[in-house]
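This report describes one protein chain from its overall make-up down to selected residues. Please keep the sequence and the model in view while reading.

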Amino acid sequence: MSAQPPEIAPAPLSPLRRRLMMSLVTGALFMEMLDGTILVTALPSMARTFHTTAVALDIGISAYMLALGVLIPASSWMADRFGARRVFMTAITIFTIASALCGSARSVPAFVALRVVQGIGGAMMTPVGRLVVIRHTPRKELIGTMSALIWPALFAPVVGPPIGGLITEHLGWRWIFYFNVPLGLVALVAAFWLIPDVRGARRRFDMTGFLLTALGVFSLQIGFERGARALSAPALALIAGGLAVLALALVHMRRSPHPLLDLAALKTHSFRAAVSGGTLSRMAIGAVPFLLPLMMQAGFGFSAVHAGLFVVALFAGDIAMKSMVGRILRRFGYRRVLLVNGVLCAGSLASLALIGIATPAPLVAAMLCANGLVRSLQFSALATLAFADVDRQGMGDANGLFNTVLQLGAAAGVTAAAMSVHAGGLFARVAGLGGAGADYRFAFLVMAGLALVGVISVWRLPAETGRSLTHAAA
């Protein structure tokens, strides 16, 4: 493994500039993640425009997510080589122009190609923005900052489909993309004034590592997508092949004098726990926005509006916890919080399996609000845990690695949830179990088990893990 270049300490920024920069990056994160899910409810309308089927247009979502996953690992190198401000502004420009062209697309091939371009912009925008914020945030403020940066990952998958539905119904699907244009222009101007022009040490681009990582991520995401629809031999082969290629990429990066991503952060207990067991926890918790609307609509026969009202309760818990994360971590410490709250997350997921078509709405709302509370705390604690003990010198590579795992984990979570639904339907038929939504209730139990497995890696953490962060914030 290569030796890290000398640390390049960034110039201090004023508190106001840091807050404004964080707001800009958080907004960019939200837009990037929102565009991954917002098209779900617009696909039927788009299909009529393009004279095709909604299923055929689903590739527009996949193309965007694939571009993100493939290019995110190279984002840290680009920020070091060309400067954070230049890369971030270029990313916003690409994302904005591609959005405008997506809105005016006249054919399916053109639309899919433009979604790839839009994903390229998002792949540079998100990790580089997150890296800039982390590098310029004092350790005493890192918990609060990371808690703020994680909320797009919590909210975007939930609000994307209903927002897309509202825009499509009242303005037409093209406005889903046109709204990105004025927001992108404002973000571009703000980035010029707020994002520092910081560069890291120059290093050779690891083309072999990039190609191996890109192929592995591509195979995994395609496999996860196919597995979410139906468990099949090709899907399993793609997933296995992707894992094998990523294993080769890791071996290469450990031996290369100039790796695409230096893997030194994996030697840190806290970072390793955040990307191993933490990924399992995020997969389980992140499956709720996918499973809940489906259970309400396909399982219980509720309308989209009815199902959406229950999502508000999930939101309420997410938002209520946001301001308390720092105080809870300072009071109890990372290890205790992640252990206890991890078990609570598993219990909350299991409790959702008790929801039936006749369950009183206030009780369902209370259960979802409780789930929002614990999932928000777990997401935020895991995000800050990843960087709790990583020094500034290795922050860029750690950020690139963490974002890649985050992207793959989100896709894997949806796949695991969908496969659990299929397995639940088979189990219900074999066991002679009836009842509306039995397959979805089974899936929630599987996700609860996955969340419990994710707690194992936290159990092995030293008691003092993250103390430098919690003490600095005290």
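Which residues does L352 touch, not counting residues up to four places away in sequence? L352 touches V288, M295, M367, L368, N371 and F444, where contact means heavy atoms within 4.5 Å.

## Basis of the values

The model is predicted: local features need pLDDT of at least 70, side-chain atom pairs count only at pLDDT 80 or more, and totals for chains, interfaces and linings use all residues. Residues are numbered from 1 along each chain as its sequence is written, and side-chain values use heavy atoms, with hydrogens and water left out.

## Overall make-up

The protein chain has 22 helices and 0 strands; helices (H or I, at least four residues) and strands (E, at least two) are DSSP runs, numbered from the N terminus. Of its 474 residues, 55% count as buried. Buried means under 20% relative accessible area, exposed over 50%, and partly exposed in between, with a 1.4 Å probe and protein chains only. The accessible surface comes to about 19,400 Å², and 70% of this surface belongs to carbon and sulfur atoms. Accessible areas come from the Shrake-Rupley method with a 1.4 Å probe, and for residues only the protein chains shown count as cover. Among contacts between residues at least 6 apart in sequence, 84% join residues at least 24 apart.

L352 is placed in helix 18 (residues 334-352). With a relative accessible area of 0%, L352 is buried. A443 is 91 residues from L352 in sequence, and the two are 9.9 Å apart in space, C-alpha to C-alpha.

Two of the residues that L352 touches, V288 and M295, are among the buried residues of helix 15 (residues 288-299). The buried residues of that helix are V288, P289, L291, L292, M295, M296 and G299. After helix 15 comes G301, which has a positive phi, near 80°.

V128 belongs to helix 7 (residues 108-135) and counts as buried at 2% relative accessibility. Leaving aside neighbours within four places in sequence, V128 is in contact with S75, A79, A84, V87 and F88. The C-alpha atoms of V128 and V25 are separated by 9.1 Å, although the two residues are 103 apart along the chain.

S99 lies in helix 6 (residues 84-103) and is buried, with a relative accessible area of 0%. A polar atom of the S99 side chain lies 2.7 Å from the backbone oxygen of F95. Beyond the neighbours within four places in sequence, S99 is in contact with Q118, F177 and N180.

## Aromatic rings

How many aromatic pairs does a search of the whole structure find? The search finds 11. Rings of Phe, Tyr and Trp (its six-membered ring) pair if their centres lie within 6.5 Å; planes under 30 degrees apart count as stacked, over 60 as edge-to-face and the rest as tilted. Two of the pairs are set out below.

| Pair | Distance between centres | Angle between planes | Class |
|---|---|---|---|
| F50 and F111 | 6.0 Å | 40° | tilted |
| W175 and Y178 | 5.4 Å | 85° | edge-to-face |

F50 counts as buried at 10% relative accessibility, and F111 counts as buried at 0%. Together with W173 and F177, F50 and F111 form one aromatic cluster.

W175 and Y178 both lie in helix 9 (residues 174-178), 3 residues apart, about one turn of the helix. W175 is partly exposed at 39% relative accessible area, and Y178 is partly exposed at 26%.

Charged side chains also lie over rings. A charge sits over a ring if NZ of Lys or CZ of Arg is within 6 Å of the ring centre and within 35 degrees of the ring normal. The charged end of R85 sits over the ring of F192, 5.7 Å from its centre. R335 lies over the face of W459, at 5.5 Å from the ring centre.

## Cysteines

The count of disulfides is 0, a disulfide being a pair of cysteine sulfur atoms within 2.5 Å. C345 is buried, with a relative accessible area of 3%, whereas C369 is partly exposed at 26%.

Methods
A polar contact is a pair of N or O atoms within 3.5 Å; within protein, one must be able to donate a hydrogen and the other to accept it, and residues adjacent in sequence count only if both atoms are side-chain atoms.
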